[in-house]
Amino acid sequence: MAGPDAELAAKLEPEVPHAARIWNYWMGGKDNFQADRAAGDAVAEVYPEIVVMAQQSRGFLVRAVRYLAAEAGIRQFLDIGTGLPTMQNTHAVAQGIAPESRIVYVDNDPMVLVHARALLASTTSEGVTTYVHADYHDPEKILAEAAQTLDFDQPIAVMYMGVMGYEPDLAVVRSIVGRTMDATTSGSHLVLWDGTNTSPAVVSGAERLAENGGVPYILRSPEELASCFSGLTMVETGLVPIPLWRPDDVDAEGIDAYGAVARKP
């Protein structure tokens, strides 16, 4: 391996648990290291439902993107903190409905970037899929680079899928989301979900993650997550446990993760 990918590989730090790789492990993927698996197992010991949450998070993404592309007419998606590619990624769902859809993925993990270059290719000749290497704490950089692909005079779906728990300050979270959404036009949408402090078991799981070297994940109340949608209009069914957002399964049950889709007036 030579060139940019060699430089990225040198930054992978396989001995340090990393959020994207731990999540990949919970979802049954193979793009993870022993340290990631150990941290993931430690969480699952006290909160086995974390594996279900990982799987349900992908279901929520699919249903949300399907709604945005098929019903809301969105053709541009800014997926911030995308994580490692798995099945049914944003571009595959959106372009499967609207082949001309344009998708920009954003992440700051070098392992994600290496895989993104190989796997996050457009599924249609009409569409565009690109990747921005950036941290969500720098929305101005993200917006500037995304503008090379997306037309900010047209509606955009901005997506934060289970990543804001890594920022400990809710005011910072709200600022990041607000600055990003302020750059979009009327008719744009925000899609956001995160883990919630709605059971003692999930709180214990978050504590175990930090104890085992993982980046601390801050669980918030549904009310705190709702504040991130300030000024936006929630799409039915509002902010709910992610399996219950427009479920395909009538027997779906709630978990300790809430999400919503909201429209900018």
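## The second largest pocket

Ala, Val, Leu, Ile, Met, Phe, Trp, Tyr, Cys and Pro count as nonpolar, Asp, Glu, Lys and Arg as charged, and the others, including Gly, as polar. On that basis, the lining of the second largest pocket in this predicted model divides into 4 nonpolar, 4 polar and 5 charged residues.

The lining is made up of 13 residues, and those that lie nearest the centre of the pocket are Gln56, Gly59, Arg63, Asp248 and Asp249. The space within this second largest pocket comes to about 210 Å³.

In soluble globular proteins, nonpolar side chains tend to be buried together. The largest nonpolar core here holds 39 residues, of which Met53, Leu68, Phe77, Val191, Trp245 and Val261 touch the most other members. Helix 4, which spans residues 49–70, supplies the largest share of this core, with 11 residues.

## Threonine 129

Threonine 129 is found in strand 3, which covers residues 128–133. Is this residue, threonine 129, buried or exposed? Because buried means under 20% relative accessible area, threonine 129, at 14% relative accessibility, counts as buried. The side chain of threonine 129 is also joined to the side chain of glutamine 95 by a polar contact of 3.3 Å.

Key: Residues numbered from 1 in each chain as written. Predicted model: local features only at pLDDT ≥ 70, side-chain atom pairs only at ≥ 80, totals over all residues. Heavy atoms only, no water. 1 Å grid on protein atoms, 1.4 Å probe; cavity = no way out; pocket = protein on both sides within 12 Å on 5 of 7 lines; lining within 4 Å. Points joined across faces, edges and corners; volume = space filled by probe spheres on them. Core = buried A, V, L, I, M, F, W, Y, C linked by side-chain atoms within 4.5 Å. Buried < 20%, exposed > 50% of the residue type's maximum accessible area, 1.4 Å probe, protein only. Helix = DSSP H or I, 4+ residues; strand = E, 2+ residues; numbered from the N terminus. Polar contact = N/O pair within 3.5 Å; in protein donor to acceptor, adjacent residues only side chain to side chain.
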